[in-house]
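Subject: The structure I promised you

Hi,

Here is the structure we talked about. Have a look at it first, and then read on for what I found.

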Amino acid sequence: MTEDTLNALRSDINEIDSELLILLAKRRRISYSVLEYKIANKKPIRDERREQALLEKLISYGKSLGLDAYYINNVFQTILEDSVLNQQALLQKSLNPDAVGDTHRVAYLGGPGSYSQLACHKYFSRRPGKLVENGCQSFEQITEQVEKGQADYGLLPIENTSSGSINEVFDLLQHAQVSIVGEVTHTVEHCLLATPDTQLKDVQKIFAHPQPFAQCSKFVQGLGDVLHETCDSTSSALQSALNTPHSAAIGSAQAGKDVGLEVIKTGLANQAENHSRFIVVARKALHVSTQIPTKTSLIMATKQQVGSLADALMVFKQHNINMVKLESRPVPGNPWEEVFYVDLVANTAESHVQKALEELKDHTQYVRILGCYQSESMQAVEVV
Ligand SMILES: O=C(O)C(=O)C[C@]1(C(=O)O)C=C[C@@H](O)C=C1
C-alpha cells in the first residue's frame, strides 16, 4: 500500500468520525427535548426499561453488521450515561435558578494537572458556564474560600477504591459551614513521570501527594532504596520532579505531558480499578428533584448507651432507606467519642425520609444534614 492510499483511508476515517460527532450532538439535543416531556409529566429521568430495550436492539443490529456485543454495549452505555447525567444536570439547573450562575468559581487542591482539576473539569463539563479555578494548598483553604464567598464551589476528595476514606476531609466536614451539593467519581490512572530520557533505574527520589503514595504503596515499596518526598498536591510533585535530577513524580499521563514530563511506567496503583470520589460543596444547600437518583449525607452522634447505634440504623431500615456508607471518626477533644458519617440513597424532599430523620433524633445526641445531592454513580443496565 502506498502512502497516498494510507492518507486517503485516513481522510475517510476523519470524515466518518466527524459524522459520528454531528450525530452524537444531534442525539444529545433530542435527549434534552425528551427531558421537557419528563419535567412536564413528572417522570423519573432514568428509564432503565427503555435503555435495556435500546441496547438489546442495538446489540442485535450490531451483530448483523459484524460488530461484537461487548463493543456495542460499551459504546452505548457511555452514550446513555452522558444522556442521563446531562438531563439530570439540566433539570437541577432549572430547579435552582438562583443558586446556579453563569460563572462557576471552584476551589480545589493543587493546580493544573492535579487529579482534583481533572475531576473538576468532569463535573462542570455537564454544567455550562465560565469556569474560574482557584488552586488551594490545603483542604481547609478550600472550605474557607467557600465559606467566605471567594469560591462558589469547593471540590474535596472523599474516598478512593485503593486507599479508602480520606479522614482529613471527613473531619473537616464536622465543622465547615458548607453543604454538599454534588459528587463526581474520577478514574485515577497513576503513572511514574520524569524528565525526558530518564529511565526507571535512574530514579533516586519520588515526589507525590500522600494519597497517590498510599494508592501505589506496593509499587513504591518494591523500588527498595528510592527516597520518597510527600508534596502538598500532585501539581507541586510534578514541579519538584521537573527541578530535581534523577527524580520522578506520581501523576496522570496528561498532567505529565502538560508540564513536559514523560511517562516511564503506567498502572502503579495497588488495584487495577482505581477510582476516586469527590464531593462538591457550596454555601447553600440545593433543592434536588425527586425525579433523579439522590443521596443524602449526614453526621450523627449516637447516645452513649447499649445498642444506640443499632437503634439509629434500624430507623433507616424501617423506612426502607438504603444506607451506602457508614464511617466513624473520633471527636477532637472528646477522647473515645465517635461521630458517624452516613450516606443514604434518599431525598430530603420525600416525606418518608423526613419522618426517618425526625425519628433519628430519638436515638442520637445530634444529627446534622451535610447535604442532599444528585447521585452521579450510575449503574449500567444489564443486558443478557
Ligand atoms: O427515552 C428516554 O426516556 C430518554 O430520556 C432518552 C434516553 C437516551 O438517551 O436514549 C436517556 C435516558 C433514559 O434512561 C433512556 C433513554
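Predicted model: local features only at pLDDT ≥ 70, side-chain atom pairs only at ≥ 80, totals over all residues.

UniProt, in an unreviewed entry, puts a "Chorismate mutase" domain at residues 1-91. In the model that span is 86% helix and 0% strand, and its end C-alpha atoms are 52 Å apart. The unreviewed entry also has a "Prephenate dehydratase" domain, at residues 105-283. Here the make-up is 31% helix and 34% strand, with 12 Å between the end C-alpha atoms.

**Around the ligand**

Which residues surround the ligand? They are Ser31, Val34, Arg46, Asp47, Arg50, Glu51, Leu54, Leu80, Ser83 and Val84. Helix H1 (3-40), helix H2 (48-64) and helix H3 (69-95) are the elements that each supply two or more residues to this shell. By type, the shell has four nonpolar, two polar and four charged residues.

**A five-stranded sheet**

Next, have a look at the open sheet whose five strands come in the order E8-E7-E9-E6-E10, with mixed pairing. Its edges are strand E8 (227-230) and strand E10 (262-265), each of which pairs on one side only. On average, neighbouring strands in this sheet are turned by 35° against each other, ignoring direction.

Inside the sheet, strand E6 (residues 191-194) and strand E9 (residues 247-251) run antiparallel and are joined by three bridges. Helix H9 (residues 234-243) lies across E6, E9 and strand E7 (205-208), and runs at about 160° to E9.

Last one: Ala176 is in the loop between helix H6 (167-173) and strand E5 (179-187). Is Ala176 buried or exposed? Ala176 counts as buried, because 20 C-beta neighbours lie inside 10 Å, and the cut-off for buried is 20 or more. Leaving aside residues up to four places away in sequence, Ala176 touches Thr143 and Glu147. Glu144 is 32 residues from Ala176 in sequence, yet their C-alpha atoms are 7.9 Å apart in space.

That's what I have for now.

Cheers

Methods:
Residues numbered from 1 in each chain as written. Helix = DSSP H or I, 4+ residues; strand = E, 2+ residues; numbered from the N terminus. Buried ≥ 20, exposed ≤ 12 C-beta atoms within 10 Å, placed from the backbone. Contact = placed C-beta atoms within 7 Å. UniProt positions renumbered as here; feature names shortened; annotations may be inferred. Near = placed C-beta within 6 Å. Nonpolar A, V, L, I, M, F, W, Y, C, P; charged D, E, K, R; others polar. Pairing = 2+ DSSP bridges. Axes fitted to C-alpha atoms, helices over the stretch in contact; angles between N-to-C directions.
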